[in-house]
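The following exercises concern a predicted model. Each task is followed by a worked solution.

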Amino acid sequence: MRISLGAVSRPLESLNDKTGTWAVMVPRIDRERCIGCGECYMFCPDCCIEMVQEDRKRYAVVDYDYCKGCGICSEVCPANAIEMVEKVIE
Amino acid sequence: MRKVVRGFYAVAYSVKLCKPNVICAYPITPQTEISENLAEMYANGELENCKYITAESEFEAASILVGASATGARTFTATCSQGLILMSEVLINAAGMRLPIVIVNTNRALSAPLSIWNDLQDSMLLRDSGIIQIYVEDNQEVHEMIPQAYKIAESTMFPTMICMDGFKLTHAYEPIDLLDQETVDGFLPPYEPPIKLSIDEPLTFGAYAPPHCYMEFRYKMHKDMLNAKNKIEDVFKEWGEIRRDWGGLIEFKEGKTVLVSLGSLVGTMKEVAKEMGLGYLKVRTYRPFPYDEIREALKDCDNVVVFDRAVSFGYEGVLTIDIRNALYGESPNVYSFIVGLGGRDVPKEVMEDCVSKVLSGRAERYRFEGLKDFEEVTY
């Protein structure tokens, strides 16, 4: 284990901390309902939402590695396309 | 060069000679004149390669210094009392980030009730924070301690706090043998941090540590703090060779009954010890605590009389707790006298009275000495 003076870390080292393990509830996005507005992308406090463009459809995708399940995306979604569901640990 | 100056100036002048890069402080009695003196020096262009930044609170002042120190700047702040505890959230982070910020704390009582006067409750509250604490007896000692504090901080990578008594030292005029630039330059090399923040190399200081590694960081900090004792002794020794020998982590004079204290009270204590033929022990570095030195010094005496100016409410005097612990398994009787809270005067007579209580077997485990008769009322 590396113990650095002053707990100093270099950029991108924090990617190793998969904070998504904290989540109890996680968002599930209904791609049919998603209107690709990007509201959830703007509001996500952990930058865990990516907007994906596929042909003529644009929709949100969650990065479950880092999503802590706060539910803000689900609250702000104008299309009611995000449901919070219990996380299943496999 | 000997000059009659106030404690504030003794501090500020010495800080100037240490060539700090960033000074940031927020006014609070009895510290204000230290930062005022430095601000004046800054305005007069006497501080080269230095930025004096005004802050809107002590919290901000400490935060600015954390950022500055991380970039490799030599930093200085002064505060006390409510200001110190407002800084504490930031300073405890600075300790974990191992930033060698030098702080002068002009010891003042804590609220409530509001008091601007002197006791040690403020710095003692930060006992367990990972900040090195050095207590000084007079203004000459604080003047000479500042270059040493920088050397200690920068060789151990811990924030270092010099504690000087508010009013009793800060406002007092004393003839001070002022240091010269050459002496300080020869003693204190420029600060070369082992790692620093820059635009070319972005870093996170004090990163997130989950349970699987947090404890190792804290263990390392504890071990480094213990090792800091040797480094502090080395610095004190080196200073003794080039300037004046102030002693090591403690100053000790043998006796069957030994008086123990720290800060400016030591002056009075030495007088009482001399007149009554007793020993004394002055604690210079409070954290890291000179456990071995104190144990070795006190283990064979009959009575240890501790004069405390801070209370651990619900237990006893704060310094006494540490002294008792250092003497665990040894036979001296340890008595705690809590004196001088909130600026209550501690004349020789009070100390002599404490000692005579001890010698005649009338002393308790701990006692508030110098209390007046009072009546409790619900206003």
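**Exercise 1.** State which residue stands opposite B:V258 in β11(B), and describe how β11(B) pairs with its neighbours.

*Solution.* Step 1: B:V258 faces B:G279 of β11(B); strands, like helices, are DSSP runs numbered from the N terminus (E, at least two residues, for strands; H or I, at least four, for helices). Step 2: β10 (residues 257-261) of chain B pairs with β11(B) in the parallel sense over four bridges, where pairing requires at least two DSSP bridges between the strands. Step 3: β9 (residues 250-253) of chain B pairs with β11(B) in the antiparallel sense, also over four bridges, and B:I250 has B:V283 as its bridge partner.

Residues are numbered from 1 along each chain as its sequence is written, and chains are lettered from A in the order in which they are written. In this predicted model, local features need pLDDT of at least 70, side-chain atom pairs count only at pLDDT 80 or more, and totals for chains, interfaces and linings use all residues.

**Exercise 2.** Determine how many residues of β11 (residues 279-283) of chain B are buried, and which way they point.

*Solution.* Step 1: Five of the five residues are buried, that is, 20 or more other C-beta atoms, placed from the backbone, lie within 10 Å of each residue's own. Step 2: B:G279, B:L281 and B:V283 point one way, and B:Y280 and B:K282 the other. Step 3: In a regular strand, side chains alternate between the two faces of the sheet.

Conventions:
A residue is buried if 20 or more other C-beta atoms lie within 10 Å of its own, exposed if 12 or fewer, and partly exposed in between; C-beta atoms are placed from the backbone.
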